[in-house]
Amino acid sequence: MTEPDGAANRADLPGRVALNPVHRDFFAGGAGEERTLRRNEEAFAQRWIVPRVLRGAGARDLRTTLFGTDLTMPVLIAPTAFHRLAHPAGEVGTARAAAAAGTIMVLSMAATQPVEDVAATGAHLWMQVYPQPDEDFQRHVVKRAGAAGCRALVVTVDSPVLGRRERDRRHGFRDLPAGFACENMRDADGRLRDIAMDPALSWEHIDRLRASTGLPILLKGILHPQDARLAVEHGVDGLIVSNHGGRQLDGALATVDALPAVVRAVDNRIPVLLDGGVRRGADVVVALALGATAVLVGRPVIWGLAAGGPGGVRDVLETLRDELDHTLALAGARRPADLSADQVA
Ligand SMILES: Cc1cc2nc3c(=O)[nH]c(=O)nc-3n(C[C@H](O)[C@H](O)[C@H](O)COP(=O)(O)O)c2cc1C
Ligand SMILES: O=C(O)C(=O)c1ccccc1
C-alpha cells in the first residue's frame, strides 16, 4: 500500500505510529485508487505565491468573522468520525484544543461522544449532519445540536452513497468496535440509529431543513459552480468546497482547483470555505487569496489527537497559526483580506 507523498502525510509521523493499523488506514485512506486524496495535496503544491513588497503591512491580524462569531484565525476543524479510535479523550479532547485555540470545531454526526459533553468544553461548535431521509429523526438531531449550543449546521451533500474505501475493505473494517457508538445518532427514546445515506435526496430536502431551523446552514461537498448558485438560491448561508478528503468520489476535482469557479459563482453573497489537503500555512494563504473566507483541516487534527490528545491537536493548530502568520508576512499582507487572486500563480 503506497501512502500519499506529502511530508505532512508521512507514515512515520508520531500520531500514525501510535494507532492500530486498521484504524490508521480508516483515518488515512480514501476511495478507490486514492487519486483525489493525493491530488488535493498535489494541487496545493503546484500553486505558487506571488509576494507583494514594501506594503508596510506590519503585525499580522488573523482574526476572522463567520456568522457573527469572531475566530482567532481562518482555520477550523473539519468534521471527522470516530475520535475515540484516535485517542481516549475523543471529540471532547479535540474540542478542548479548539476552545484553547479560539477556533470552531465542526462536530461529526459520527462522533463517538454526545454533543452535550463536547459542548461542555466551551468550544464553539458547528454540527455536521448527513441529510437523513427520516426527517422527523433529522429534526430531532438538529434540535438536540441547537439545544446543546451548536451555532451552525453543516450539511454534507457529497455522500449520496458511501465511498468505496479499499483499505477498509481489505481490513474488513466496517463499524465501530464494541463499546463505541455514534452517540448523536440516538432517537428520542435513546435508541441508536444507523447513519443513512440516500441517493434520492434533492434540493427539496434542503428547503425543508432550511424551514425547520434558524441556525445558519452550510453545504459541505460543493465542487460545481452551478450547485453553488443553486445553494444561494435555496437560502443556504455558506459553502464548503470539499471532496470529503478524497473519501467519496475518487477522480473528483481537487478542492483548490474547484475553488475559483465556485467563488465567482457565489459573487460574495455568502462565505465560501474549503477543505482537503490543507497542510501548511502556505496552503491556507493560497486558499484565502483565491477567495476562501476560511479553511478546515481534517487528517492533521486526527494525527495530532492520536499523538498527544488535546495537546497534540493544540500543537497542530498553533503550528498552522504560526505558519499562516509567517507566510502572510512574507507575502506582504497584514490580514487575510489583503490577499488577492493575482498573488497565486
Ligand atoms: C477519518 C475521516 C472521517 C471523516 N468523517 C467525516 C464525517 O463524519 N462527516 C463529514 O462531513 N466529513 C467527514 N470527513 C471529511 C472531512 O470533513 C474533510 O472533508 C476532509 O477530511 C478534509 O480533507 P483533509 O483530511 O485532507 O484535511 C472525514 C474525513 C476523514 C479523514
Ligand atoms: O465520512 C466519512 O468519511 C466517514 O468515514 C464516515 C464514517 C462513519 C460514518 C459516516 C462517515
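**Helix packing, core and ligand surroundings in a predicted model**

Helix H3 (residues 35-45) is largely enclosed by the rest of the structure, because eight of its eleven residues are buried. A residue is termed buried if 20 or more other C-beta atoms lie within 10 Å of its own, exposed if 12 or fewer do, and partly exposed in between, with C-beta atoms placed from the backbone. Helices (H or I, at least four residues) and strands (E, at least two) are DSSP runs numbered from the N terminus. The structure is a predicted model, in which local features need pLDDT of at least 70 and side-chain atom pairs count only at pLDDT 80 or more, while totals for chains, interfaces and linings use all residues. Residues are numbered from 1 along each chain as its sequence is written, and chains are lettered from A and ligands numbered from 1 in the order in which they are written.

The buried residues of H3 are Thr-36, Leu-37, Arg-38, Arg-39, Asn-40, Glu-41, Ala-43 and Phe-44. Their cover includes helix H10 (255-266) and helix H11 (281-289).

The largest nonpolar core holds 102 residues, of which Leu-239, Val-262, Ala-287 and Val-295 touch the most other members. Such a core is a set of buried Ala, Val, Leu, Ile, Met, Phe, Trp, Tyr and Cys residues joined through C-beta atoms within 7 Å. Helix H12 (residues 299-331) contributes the most to this core, giving 13 residues. Apart from neighbours within four places in sequence, Ala-287 is in contact with Val-256, Leu-259, Leu-274, Val-278, Ala-292 and Val-295; contact requires C-beta atoms, placed from the backbone, to lie within 7 Å.

Helix H4 (residues 90-101) and H12 have axes that come within 8 Å and cross at roughly 5°. Axes are lines fitted to C-alpha atoms, for helices over the stretch in contact, and angles run from 0 to 180 degrees between N-to-C directions. H4 is therefore roughly parallel to H12, a term for angles under 35 degrees. On the H4 side, the contact is made by Gly-93, Thr-94, Arg-96, Ala-97, Ala-100 and Ala-101. The residues from H12 are Val-301, Leu-305, Gly-309, Pro-310, Val-313, Arg-314, Leu-317 and Glu-318. This contact has eight nonpolar, three polar and three charged residues, where Ala, Val, Leu, Ile, Met, Phe, Trp, Tyr, Cys and Pro count as nonpolar, Asp, Glu, Lys and Arg as charged, and the others, Gly among them, as polar.

Around ligand 1 there are 23 residues, of which Ala-78, Ser-108, Thr-156, Gly-245 and Gly-298 come nearest. A residue is near a molecule if its C-beta atom, placed from the backbone, lies within 6 Å of it. The shell of ligand 1 comprises eight nonpolar, eleven polar and four charged residues. Ligand 2 is surrounded by Ala-81, Ala-110, Ile-195, His-244 and Arg-247, of which three are nonpolar, one polar and one charged.

His-244 is not a glycine, but its phi is positive, near 65°. Most residues other than glycine have a negative phi. His-244 lies in the loop between strand S8 (238-241) and H10, and is buried, with 23 C-beta neighbours inside 10 Å. Phe-67 also has a positive phi, of about 50°. This residue is placed in the loop between strand S1 (64-66) and strand S2 (69-71). Phe-67 is partly exposed, with 15 other C-beta atoms within 10 Å.

Note on methods:
Contact = placed C-beta atoms within 7 Å. Parallel < 35°, antiparallel > 145°, perpendicular 65-115°, else oblique.
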